Amino acid sequence: MNIIAIYPGSFDPITNGHIDIIKRALLIFDKIVVLVAVNPNKRFTFSVDERVSMIRDSLKDYPQVSVDSTSGLTVHYAQKIGAKAMIRGLRAATDFEYEFQINNANRFIDKQIESIFFMAKHEFMFISSSTIKEMVAGGIDVSKLVPAPVWAKFNHK
Ligand code: ADP
């Protein structure tokens, strides 16, 4: 069996919270495609290419993980590559409502593709891409909260 899951998100940029979800999901799935979802209605700090390359560099030691982007629906991408599941993470109750809504929309499109939710570990609960960016803007060292290639990119910028 070769069970594939996609992990869609903005990843603007990828954080250690995302990385933890991916490592835990690898215990269940054979292959994971981290999918940078291109959303024209959202403003991002990093371009799609920058986000994809930071994710690739951060996960280069995991051959079971690949990285791609899509401007279409994530469900359509999952169908195209034969993925069985979509991975998402849940931090607090505030994540729940949003995730519940997307999940229902995705189920409406294709009920065969199941969404699987991983609860954030205690130490990653407060980490979000936007919190990281605010901390960096305030001069805080976030090197323990993001993968090394992301920290390097922040320093470069
Ligand atoms: P989106 O814009 O689609 O929410 P994100 O990159 O913010 O994209 O998040 C992708 C997924 O990862 C979401 O399901 C989000 O709840 C989850 N996630 C983000 N940060 C963490 C974290 N620190 N721990 C666990 N899950 C997380």
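I began with Glu134, which sits in helix H5 (helices are DSSP runs of H or I with at least four residues, strands are E runs of at least two, both numbered from the N terminus). This is a predicted model, where local features need pLDDT of at least 70, side-chain atom pairs count only at pLDDT 80 or more, and totals for chains, interfaces and linings use all residues. Residues are numbered from 1 along each chain as its sequence is written, and side-chain values use heavy atoms, leaving out hydrogens and water.

Is Glu134 buried or exposed? I found it exposed, because its relative accessible area is 61% (buried is under 20%, exposed over 50%, partly exposed in between, with a 1.4 Å probe and protein chains only). From the C-alpha atom of Glu134 to that of Pro149, 15 residues apart along the chain, I read 18 Å.

Next I looked at helix H2, residues 48-58, where Glu50, Arg51, Val52, Met54, Ile55 and Ser58 are buried. Their cover includes helix H1 (16-25), strand S2 (31-37), S3 and helix H6 (148-156), with contact meaning heavy atoms within 4.5 Å.

Then I turned to Leu73, in the loop between strand S3 (65-70) and helix H3 (74-81). Leu73 counts as partly exposed because its relative accessibility is 45%.

Of its 46 lining residues, Gly9, Ser10, Lys42, Arg88 and Tyr98 lie nearest the centre. Helix H4 gives the largest share of this lining, eight residues.

Definitions and conventions: 1 Å grid on protein atoms, 1.4 Å probe; cavity = no way out; pocket = protein on both sides within 12 Å on 5 of 7 lines; lining within 4 Å.
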